[in-house]
Amino acid sequence: MVMLGPPGAGKGTQAERLAEDNGLLKISTGDILREAVQSGAELGQLAKAIMDKGELVSDEIMIGLVRDRLARTDAKPGVVLDGFPRTVAQAVALDEILEDRDDLFVIDLVVAEEELVRRLSARRVCGQCGATYPSAGLDGSCERCGGKLVQRSDDCESVVRERLKVYARDTQPLLHHYSGRLNFASIDGAQSPEAVGCEVKSIIESKATEVSLEGTAQESPQ
Ligand code: AMP
C-alpha cells in the first residue's frame, strides 16, 4: 500500500494504523533518512542539507534504498509505504520492483495548504523514539517513552512552504500516474485521524472485493 499526500496530510499516522491493523510493515523513507542523519551514516550526511532545505533526495538514492528494503524478509507479507514514491520516476520504479508482488493500493490524502501549514508548524516529534504529536501537549514529553518533544528542523514555516512547493511540482503529478487504477482512492484528510482511518479501511475493503470479483470474472469461462 502507498500513502500519498502533501507533508502534514497524515500519511505517517494512517500508514502506522494500516500497518498495525493488517500485520504489515510500515516503511517511511523520511524516518530512514532521519535515522541515517542521527547515526552519522554516509546516507545521512548526504541527505541532511537537502532535507533541511525541504528538497528531495535524488531518485537514484531513494529507489535503491526502497528496492533494498523491500527485498528483506520482513517486507514479504506486505508493506505500507509512507513518503515513497514522491516523483513519477520513483512510481515507475516501484511498479517495476512490485511486478511479481500483490496489487498496489494507493490512498491519496487531500488537505488544504493553510491547514497543512498550521498542522506542521504545531507538530512536535519525540527526540528519542520519533513518535509524532499534533502539538507539544502540556508538559512537552512523549507519552510512549518520556522523551522530550521537539520541532522537526524542516517543520519551520519557511521550509514547510518550500516542501509544499516541491510537493506541487514533483509529487502531485503522481496522481495522474495512479488515478486511473482500480485500487486508487482520494480521501478528505482534513477529517479527524479516526474518521480518515475508518474511511481508509472501508475503501480498502471495498476495493479488495472489487479487485477479487474482477479477477474471478476474468477467470470464469464465458
Ligand atoms: P517526510 O518525513 O516523508 O516528510 O520526509 C522528510 C524529507 O526526507 C523530505 O522532505 C525529503 O527531503 C526526504 N525524503 C523522504 N522521502 C523521500 C523520497 N521518496 N524522495 C526524495 N526525498 C525524500
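Colleague: Is arginine 69 buried or exposed?
Modeller: Arginine 69 counts as buried because its relative accessibility is 15%. Buried means under 20% relative accessible area, exposed over 50%, and partly exposed in between, with a 1.4 Å probe and protein chains only. This is a predicted model, where local features need pLDDT of at least 70, side-chain atom pairs count only at pLDDT 80 or more, and totals for chains, interfaces and linings use all residues. Residues are numbered from 1 along each chain as its sequence is written, and side-chain values use heavy atoms, with hydrogens and water left out.

Colleague: Where is the place of arginine 69?
Modeller: Arginine 69 belongs to helix H4, residues 59–71. Helices (H or I, at least four residues) and strands (E, at least two) are DSSP runs numbered from the N terminus.

Colleague: With which side chain does arginine 69 make a polar contact?
Modeller: With that of aspartate 74, at 2.8 Å. A polar contact is a pair of N or O atoms within 3.5 Å; within protein, one must be able to donate a hydrogen and the other to accept it, and residues adjacent in sequence count only if both atoms are side-chain atoms.

Colleague: And which residues is arginine 69 in contact with, leaving aside neighbours within four places in sequence?
Modeller: Leu25, Ile27, Asp74 and Ala75. Contact means heavy atoms within 4.5 Å.

Colleague: Isoleucine 27 stands opposite what in S3?
Modeller: Leucine 81. Strand S2 (residues 25–28) runs parallel to S3, and 4 bridges join them. Two strands pair if DSSP finds at least two bridges between them.

Colleague: How many bridges pair strand S1 with S3?
Modeller: 2 bridges, in the parallel sense, with S1 covering residues 2–4. There, valine 2 has leucine 81 in S3 as its bridge partner.

Colleague: Which way do the residues of S3 point?
Modeller: S3 covers residues 79–82, with Val79 and Leu81 pointing one way and Val80 and Asp82 the other. All of these are buried.

Colleague: Is proline 85 buried or exposed?
Modeller: Proline 85 is buried, because its relative accessibility is 2%. Leaving aside neighbours within four places in sequence, its contacts include Val2, Leu4, Gln90 and Tyr178. Leucine 4 is 81 residues away from proline 85 in sequence, and the two are 8.0 Å apart in space, C-alpha to C-alpha.

Colleague: Now the ligand. Which residues come nearest?
Modeller: There are 16 residues around the ligand, and Thr29, Arg34, Glu55, Gly83 and Gln90 come nearest. A residue is near a molecule or strand if one of its heavy atoms lies within 4 Å of it.

Colleague: Which helix gives the most to that shell?
Modeller: Helix H2, residues 29–39, with 4 residues.

Colleague: How do the residues of the shell divide into nonpolar, polar and charged?
Modeller: 6 are nonpolar, 4 polar and 6 charged. Ala, Val, Leu, Ile, Met, Phe, Trp, Tyr, Cys and Pro count as nonpolar, Asp, Glu, Lys and Arg as charged, and the others, Gly among them, as polar.

Colleague: What lies 3.0 Å from an oxygen atom of the ligand?
Modeller: A polar side-chain atom of arginine 86. For arginine 163, a polar side-chain atom lies 3.5 Å from an oxygen atom of the ligand. A backbone N or O atom of valine 57 lies 3.1 Å from a ligand nitrogen atom.

Colleague: How much of the ligand's area does the protein bury?
Modeller: Taken alone the ligand exposes 480 Å², and the protein buries 96% of that. Accessible areas come from the Shrake-Rupley method with a 1.4 Å probe; for residues, only the protein chains shown count as cover.

Colleague: Back to arginine 163. What about aspartate 155, which residues is that in contact with?
Modeller: Arginine 163 is one of them; others are Leu120, Ser121, Arg123 and Val160, leaving aside neighbours within four places in sequence. Aspartate 155 lies in the loop between strand S7 (149–150) and helix H7 (157–171). It is buried, because its relative accessibility is 0%.

Colleague: What order does the open sheet of 3 strands have?
Modeller: S6-S5-S7, with antiparallel pairing. S6 (132–133) and S7 are at the edges with a single partner strand each, so one side of each has no neighbour in the sheet.

Colleague: Last one: is glutamine 128 buried or exposed?
Modeller: Glutamine 128 is exposed, because its relative accessible area is 61%. It is in the loop between S5 and S6.
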